[in-house]
Amino acid sequence: MPIKSPVSPFFLTTGGGQAEAAEKFVDILRHNYGEVYFVVPVAAMSAGTILCMAGDKIYMDYSSSLGPIDPQIPDKEGKDIFRRLVIWQKLMS
């Protein structure tokens, strides 16, 4: 079994991405590094926020930001189910 590196800092600036890809990346990081630190100089949105939350420490500037985690779940037609549910809830209330 390979020896884990003790600590690895990652500099991250992202507008987001796929949650599944972030989850896989977290698995890879945790497999290879004992501790993972994220440095966010500007912003980490959506999947970037998931990555940061999976780290041991997050370093940010006073003007840096983490964004909301906004999952997008496509239906069979490729349309976003989550947005449709929100619209449906508004119509029903």
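Predicted model: local features only at pLDDT ≥ 70, side-chain atom pairs only at ≥ 80, totals over all residues.
Me: In what order do the three strands of the open sheet stand, and how do they pair?
Reply: The strands β1 (5–11) and β4 stand at the edges, each with a single partner strand, so one side of each is left without a neighbour in the sheet. Neighbouring strands of this sheet are turned by 20° against each other on average, with direction ignored. The pairing is parallel, and the order is β1-β2-β4.

Me: How many bridges join strand β2 to β4?
Reply: Strand β2 covers residues 33–40, and β4 covers residues 57–60.

Me: Which two residues meet in a salt bridge, and what is the N to O distance?
Reply: The count of salt bridges comes to one. The two side chains involved are those of D56 and R30, and the distance from N to O is 3.1 Å.

Me: Where in the chain do D56 and R30 lie, and how many residues apart are they?
Reply: D56 is partly exposed, with a relative accessible area of 39%, and R30 also counts as partly exposed, at 28% relative accessibility. The pair links distant parts of the chain, with D56 in the loop between α2 (47–54) and β4 and R30 in helix α1, and the separation is 26 residues.

Me: Is S46 buried or exposed?
Reply: S46 lies in the loop between β3 (43–44) and α2, and it has a positive phi of about 50° although it is not a glycine. Leaving aside neighbours within four places in sequence, S46 is in contact with G16, G17, G67, P68, I69 and D70. Its relative accessible area is 12%, and because buried means under 20%, S46 is buried.

Me: Which residues does G16 contact, leaving aside its neighbours within four places in sequence?
Reply: G16 is found in the loop between β1 and α1, and at 28% relative accessibility it counts as partly exposed. G16 and I50 are 34 residues apart in sequence, while their C-alpha atoms are 9.4 Å apart in space. With neighbours within four places left aside, the contacts of G16 are M45, S46 and A47.

Me: Which elements do the buried residues of α2 pack against?
Reply: The buried residues in α2 are A47, G48, T49, L51 and C52. They pack against α1, β2, β3, β4 and β5 (65–66).

Me: How far apart in space are S5 and E35, C-alpha to C-alpha?
Reply: S5 is found in strand β1 and is partly exposed, with a relative accessible area of 33%. Not counting residues up to four places away in sequence, S5 touches N32, Y33 and G34. S5 and E35 are 30 residues apart in sequence, and their C-alpha to C-alpha distance is 8.2 Å.

Me: Which residues form a nonpolar patch on the surface, and what accessible area do they have together?
Reply: One member, I58, has its place in strand β4. At 31% relative accessibility I58 counts as partly exposed, and because patches are made of residues with over 30% relative accessible area and no salt bridge, this value lies above the cut-off. The patch is formed by M53, I58 and M60, and their accessible area together is about 260 Å².

Me: What percentage of the residues in the protein is buried?
Reply: The protein exposes about 6,900 Å², of which carbon and sulfur atoms supply 62%. Among the contacts with a separation of 6 or more, residues 24 or more positions apart account for 49%. Of the 93 residues in the protein, the buried ones make up 25%.

Technical notes:
Residues numbered from 1 in each chain as written. Heavy atoms only, no water. Patch = residues over 30% accessible without salt bridge, like charges linked within 9 Å, V, L, I, M, F, W, Y side chains within 5 Å. Areas by Shrake-Rupley, 256 points an atom, 1.4 Å probe, with all protein chains shown as cover. Salt bridge = Lys/Arg side-chain N within 4 Å of Asp/Glu carboxyl O. Helix = DSSP H or I, 4+ residues; strand = E, 2+ residues; numbered from the N terminus. Buried < 20%, exposed > 50% of the residue type's maximum accessible area, 1.4 Å probe, protein only. Contact = heavy atoms within 4.5 Å. Pairing = 2+ DSSP bridges. Axes fitted to C-alpha atoms, helices over the stretch in contact; angles between N-to-C directions.
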